[in-house]
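Visitor: Please show me the structure, and let us then discuss how its parts are arranged.

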Amino acid sequence: MTSIPKRKSKIPSQKLLPWVDVLAITAWGVLILKYWLTNKLNLLIHPDYFWLAIVGAIGLITIAFFKALQLLQRRREITPNVQHLTLFPPGWSSALVLTAAILGLIITPHVFASQTALERGVTDLMGATRAKPQTTADQLQGKRPQPQPFQASSPPEERTLVGWVRTLNVYPEPDAYNGQKVKVQGFVIHPPDIGKEHLFLARFVITCCAADAYPVGLPVKLKESADQYPADTWLEVEGQMVTENLANKRQLTIDATSLKKIPQPKDPYTY
């Protein structure tokens, strides 16, 4: 008597796959809330968009909750085997999304460092503050042009590093700031073309999210070798502004009188 092999039921796997969707949706909601509660969300997006991320995370958890209730109510039902055209086998897409969320829960996001700044073109920023001399009546008469003083809304010693760069974007003549006091904070970068007697002090600016973060900063003139300040070291620099020729460009430079190592700020980015 020939025995008829029994067909393996696919019903258990069909019932488990929707729960992978629930876990993936829940994991992403939990991940976003975790970044918010641990003050890591500011490393990924601009604070103006925190509310949107938080609402989205709560929405994901809510969707997962109602999806789970729906699955529990239908746990005794047998779902027909409906074929769909998908890029991945059933459950793979949700598994990939779930894996990404789990990795996010395990791996802590890191602050951008000097290597990222160099890759994104910090040397171009040095040229962005270079003033192009304008032809004036004094020049036409063969006289040396005198820079006009620039009046900013805040005292020089109260400007942040990004505040200085933004001021330069408004009035980019370096000589107009000579002698002004400065006290700023940033991390160290060593561009290859400014020599050992200078370093570059920088901060990252975020306009929307970490993907569009860009570095800004100013060179610092040292009385010792730049090797004493490793890359990515956070410094508080005091001094006064001078004009230096760096990489064949006139560049506003901080002539440092004091350099103090400081811990990385709680919020290392500027917005």
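Guide: A charge sits over a ring if NZ of Lys or CZ of Arg is within 6 Å of the ring centre and within 35 degrees of the ring normal. This is a predicted model, in which local features need pLDDT of at least 70 and side-chain atom pairs count only at pLDDT 80 or more, while totals for chains, interfaces and linings use all residues. Residues are numbered from 1 along each chain as its sequence is written, and side-chain values use heavy atoms, with hydrogens and water left out.

Visitor: Over the ring of which residue does the charged end of R159 sit?
Guide: The charged end of R159 is placed 4.3 Å from the centre of the ring in question. That ring belongs to W164.

Visitor: In what order do the elements of the chain run from the N terminus on?
Guide: Helices (H or I, at least four residues) and strands (E, at least two) are DSSP runs, numbered from the N terminus. The chain has seven helices and six strands. Their order is α-α-α-α-α-α-α-β-β-β-β-β-β.

Visitor: Which residues does UniProt list for "transmembrane region"?
Guide: The entry is unreviewed, and such annotations may be inferred rather than shown by experiment; positions follow the numbering used here, with feature names shortened. In the model, residues 16-37 are 100% helix and 0% strand, with end C-alpha atoms 31 Å apart. Residues 49-69 are 95% helix and 0% strand, and their end C-alpha atoms also lie 31 Å apart. The record lists residues 16-37, 49-69 and 90-112.

Visitor: Which residues of helix 7 are buried?
Guide: Buried means under 20% relative accessible area, exposed over 50% and partly exposed in between, with a 1.4 Å probe and protein chains only. Helix 7 spans residues 161-170, and what covers its buried residues includes strand 1 (181-189), strand 2 (198-205) and strand 3 (214-221). The buried residues are L161, V162, W164, V165, T167 and L168.

Visitor: Which residues touch the most other members of the largest nonpolar core?
Guide: A nonpolar core is a set of buried Ala, Val, Leu, Ile, Met, Phe, Trp, Tyr and Cys residues joined through side-chain atoms within 4.5 Å. The largest one has 21 residues. Helix 7 and strands 1, 2, 3, 4 and 5 each supply at least two residues of this core. The residues asked for are W164, L199, V220, M241 and I254.

Visitor: How are the rings of F65 and F66 arranged, stacked or edge-to-face?
Guide: Rings of Phe, Tyr and Trp (its six-membered ring) pair if their centres lie within 6.5 Å; planes under 30 degrees apart count as stacked, over 60 as edge-to-face and the rest as tilted. The structure holds seven aromatic pairs. For F65 and F66 the centres are 5.5 Å apart and the planes at 75°, so the pair is edge-to-face.

Visitor: How many residues apart in sequence are the parts that the pair of F112 and Y269 ties together?
Guide: The ring centres of F112 and Y269 are 6.1 Å apart with planes at 35°, so this pair is tilted. F112 lies in the loop between helix 3 (92-106) and helix 4 (114-119), and Y269 in strand 6 (residues 269-270). The parts tied together are therefore separated in sequence by 157 residues.

Methods:
Contact means heavy atoms within 4.5 Å.
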